[in-house]
Amino acid sequence: MKTMIVLILICMLLLFLLKVPVYVSMALTGCALMVATSGMKWSILSQYLYAGTNSFTLLSIPLFLLAAKLMNTGSITKKLFALCMKLVGWLPGGLGHVNVLCSVVFAGMSGTAVSDAGGLGSIEIKAMNENGFDNDFACCVTAASSTLGPIIPPSIPLVVYATVSGASVGALFMAGIIPGIVMAAIMMILVSVFAIIRHYPRTPFPTGREFFHAVKEGILPVMAPVILLVGIYGGVFTPTESAAIVVVYSLFLELVVYRELTIKKFIYILKETIRDSVTIALIIAGATFFGYVATRAKIPQMILTSMTAIVHNKVTLLLIINVFLLIIGCFLETASAITIVVPLILPLLTAYDVNLTQFGIVMVLNLMIGLLTPPFGLVLFVISKIGHISIGRFSRALLPWLFALIIALLLVTFIPALSLWFPTFLGMSV
């Protein structure tokens, strides 16, 4: 029986490699497991496909996607870039720091790495190229800083993780703030090192008038993450409801303040949002069905038994899981990886007393690193296209940035307080 189950799981991996849609691959694998193991009725197929998407928490995903696409329309991203330019552009390697800070701010609106890379990326790379920065460096900073999107709240991958693991969305959102700041600090240190070695330029220190003008233009977009975090912390609305608040605020900026959103643009944004939301929903539906069947087939218990034989403490377990997730992240899209892997390793995490809130940040950070690596790194391809750089050259140039992100990963993995202190301080259950 064990041999047959292993063969079925190998077939699922082959389906992934053959580019069969992830939700189809998981549903087919679930059906094969049902045939291989007795005692399961076929009626659970429709039952669990529906149950996977019937969640109040998941309502936030299309709303956060819509908010990110609205923020990417018109001049909002340009205003954010101008504000960050005045704040940190005068530091060594000025525009590199601007790039990182823009990603920190935009992360509080988008919740995805691809939105950050696609929305701000073209502005940032163009500005850096025009001001004497190497194209390789500009592309690397843009790609690496985009990984902040799903770490700093709001975060679509953390919503997916919460749905699968049962962890609190609010606690996960708050848990990502300090790790996100740590990641940004490490990136800015690396920017400074490159700037000193390569003599990159910086912008003049802003005058009071210039600074005031940039703040006046950029303060309204920056208020989006502030409203979200204060609302969740103050108990005014839930994390799911916060997504709707951000959408309303984004529409207010586009329709009333800047007046840049046309009917044609809005219809296009709605179509894009529906397409992306349906894709994620199908993946979650397929993964819910697969997770149930895998549990009934006792696959998690098999994994637990096998790992217990070679793992004797939490440190070793976290190291092995990190290596595994880094590899998985190179081949699977983030939502797919979360929905497939989490149900299988939950017994391991419980057995070794790994905090689910902390692990959520660790897992998402692992998968964000995967977005920068071949063969299927989505951010790698987006920035490669925007920056007109070959995948091979880009991958080599990214090595120092991947090393910096792995340092951040190890810090977040083995210093639980980085993730857990802030939600605990706010009185949240972790």
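Helices (H or I, at least four residues) and strands (E, at least two) are taken here as DSSP runs, numbered from the N terminus. The model is predicted: local features require pLDDT of at least 70 and side-chain atom pairs count only at pLDDT 80 or more, while totals for chains, interfaces and linings use all residues. Residues are numbered from 1 along each chain as its sequence is written, and side-chain values use heavy atoms, with hydrogens and water left out.

**Helix α12**

- Helix α12 spans residues 208-233 and has a kink of about 50 degrees at I219, shortly before the proline P221; the bend at a residue is the angle between axes fitted to the seven residues ending there and the seven starting there.
- The buried residues of α12 are A214, G218, P221, V222, A224, P225, L228, G231 and I232, where buried means under 20% relative accessible area, exposed over 50% and partly exposed in between (1.4 Å probe, protein chains only).
- G235 follows α12 and has a positive phi, near 75 degrees.

**Packing of α8 and α11**

- Helix α8 (residues 135-146) packs with helix α11 (residues 177-198) at an angle of about 175 degrees, their axes being 11 Å apart; axes are lines fitted to C-alpha atoms, for helices over the stretch in contact, and angles run from 0 to 180 degrees between N-to-C directions.
- F137, V141, A144 and S145 of α8 meet M187, V191, F194 and R198 of α11, contact being defined as heavy atoms within 4.5 Å.
- Of the residues in this contact, six are nonpolar, one is polar and one is charged; Ala, Val, Leu, Ile, Met, Phe, Trp, Tyr, Cys and Pro count as nonpolar, Asp, Glu, Lys and Arg as charged, and the others, Gly among them, as polar.

**Aromatic pairs**

- Rings of Phe, Tyr and Trp (its six-membered ring) pair if their centres lie within 6.5 Å, with planes under 30 degrees apart counted as stacked, over 60 as edge-to-face and the rest as tilted; the count by this rule is nine aromatic pairs.
- F137 and W401 form a tilted pair, at 6.0 Å centre to centre and 55 degrees between the planes.
- Because F137 lies in α8 and W401 in helix α21 (residues 399-414), the pair ties together parts 264 residues apart in sequence.
- F137 is buried at 2% relative accessibility, and W401 is buried at 2%.
- Ring pairs join F133, F137, F194, Y200 and W401 into a cluster.

**Surroundings of L372**

- L372 sits in the loop between α18 (356-370) and α19 (378-387) and is buried, at 1% relative accessibility.
- Apart from neighbours within four places in sequence, L372 contacts A143, A144, T147, V379, L380, L398, L402 and L405.
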